[in-house]
Amino acid sequence: QKEVEQNSGPLSVPEGAIASLNCTYSDRGSQSFFWYRQYSGKSPELIMFIYSNGDKEDGRFTAQLNKASQYVSLLIRDSQPSDSATYLCAVNYLRRNYQLIWGAGTKLIIKP
Amino acid sequence: DAEITQSPRHKITETGRQVTLACHQTWNHNNMFWYRQDLGHGLRLIHYSYGVHDTNKGEVSDGYSVSRSNTEDLPLTLESAASSQTSVYFCASTGAGEDTQYFGPGTRLTVL
């Protein structure tokens, strides 16, 4: 079992719809959860972080954390073609001295 | 503006040669990290440093070394480059007590 798992996609979503990206992790001691966006040929850039169970909203983005089920998700409302990118989930791991462990990413395609 | 830079951006080298990739940040961050990114694997930690003269091995450290002589720089050295080290390399940094990482633009290394 991978420590941080994401569906590699691609996930295709029509413009204006809600894109839902999911990530599961295996370490119950994890405390911090991050979503990064990475355009092709570019470096990862932070979208959101979340520490507590529940939802956290920032503009069109909502991060959802469920520690009991060990998953974190990212919702993108009113998806735009500029949202087309690979989305990386990262989790800090107690067993790794709280180093960030990264999922392989989900490729999102927003179709006009 | 504070930033993190990497050089070179692209490098082609031959098997067996020593290669050094530079990383420089002007945020005065204590913590610096080197990752490699390969298709299907996400970001994998090579080495990291929590301050001057501190270095630690990550999950894929074999064949790589780092040194930290000042706060701003963490150069990554490939002692004897191998074709398996063909990858995109990212440097990241974060401030003391923080876990949100900020990335440099990356170096694409090809070992022939």
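Predicted model: local features only at pLDDT ≥ 70, side-chain atom pairs only at ≥ 80, totals over all residues.
The contact draws on 20 residues from chain A and 18 residues from chain B. Polar contacts across the boundary join five residue pairs, both members of each at pLDDT 80 or more, while the number of salt bridges between chain A and chain B is zero. On the side of chain A that touches chain B, strands β4 (33-38), β5 (45-50), β9 and β10 (99-102) each supply at least two residues. That side of chain A divides into ten nonpolar, seven polar and three charged residues.

The disulfides come next. Over all chains, the structure holds two of them. In chain A, the link is formed by A:C23 and A:C89, with the two sulfur atoms 2.1 Å apart. The angle about the S-S bond is -70 degrees, and the link of A:C23 and A:C89 is left-handed. Because A:C23 sits in strand β3 (residues 19-25) of chain A and A:C89 in strand β9 (residues 85-93) of chain A, the pair ties together parts that are 66 residues apart in sequence. A:C23 and A:C89 are both buried. Strand β9 of chain A, which holds A:C89, is also among the strands that supply at least two residues to the side touching chain B.

In chain B, the disulfide is made by B:C23 and B:C91, whose sulfur atoms are 1.8 Å apart. The link of B:C23 and B:C91 is left-handed, with -70 degrees about the S-S bond. Here B:C23 belongs to strand β3 (residues 19-25) of chain B and B:C91 to strand β9 (residues 87-94) of chain B, so the bond ties together parts 68 residues apart in sequence. Both B:C23 and B:C91 are buried.

B:Q85 is found in the loop between β8 (76-78) and β9 of chain B. With a relative accessible area of 6%, B:Q85 counts as buried because that value falls under 20%. Leaving aside neighbours within four places in sequence, the residues in contact with B:Q85 are B:R36, B:D62, B:G63, B:Y64, B:L78, B:S80, B:L109 and B:V111. B:A96, for its part, lies in the loop between β9 and β10 (102-103) of chain B. Its relative accessibility of 53% makes B:A96 exposed, because the value is over 50%. Not counting residues up to four places away in sequence, B:A96 touches B:N30 and B:N31. The C-alpha atoms of B:A96 and B:Y50 are separated by 8.1 Å, although these two residues stand 46 residues apart along the chain.

Most residues other than glycine have a negative phi, and most peptide bonds are trans. Against that background, A:G9 and A:P10 are joined by a cis peptide bond, with omega about 5 degrees. A:P10 is placed in the loop between β1 (4-6) and β2 (11-14) of chain A. In chain B, a cis peptide bond joins B:S7 and B:P8, and omega is about -5 degrees. B:P8 lies in the loop between β1 (4-7) and β2 (10-13) of chain B.

Positive phi values complete the picture. For A:D78, a residue other than glycine, phi is positive and near 50 degrees. This aspartate, A:D78, is located in the loop between β8 (71-76) and β9 of chain A. A:D78 is partly exposed, at a relative accessible area of 41%. In B:N28, also a residue other than glycine, phi is positive and near 65 degrees. The loop between β3 and β4 (31-38) of chain B holds B:N28, and a relative accessible area of 56% makes this asparagine exposed.

Conventions. Residues numbered from 1 in each chain as written. Chains lettered and ligands numbered in written order. Heavy atoms only, no water. Disulfide = S-S within 2.5 Å. Helix = DSSP H or I, 4+ residues; strand = E, 2+ residues; numbered from the N terminus. Buried < 20%, exposed > 50% of the residue type's maximum accessible area, 1.4 Å probe, protein only. Contact = heavy atoms within 4.5 Å. Salt bridge = Lys/Arg side-chain N within 4 Å of Asp/Glu carboxyl O. Polar contact = N/O pair within 3.5 Å; in protein donor to acceptor, adjacent residues only side chain to side chain. Nonpolar A, V, L, I, M, F, W, Y, C, P; charged D, E, K, R; others polar.
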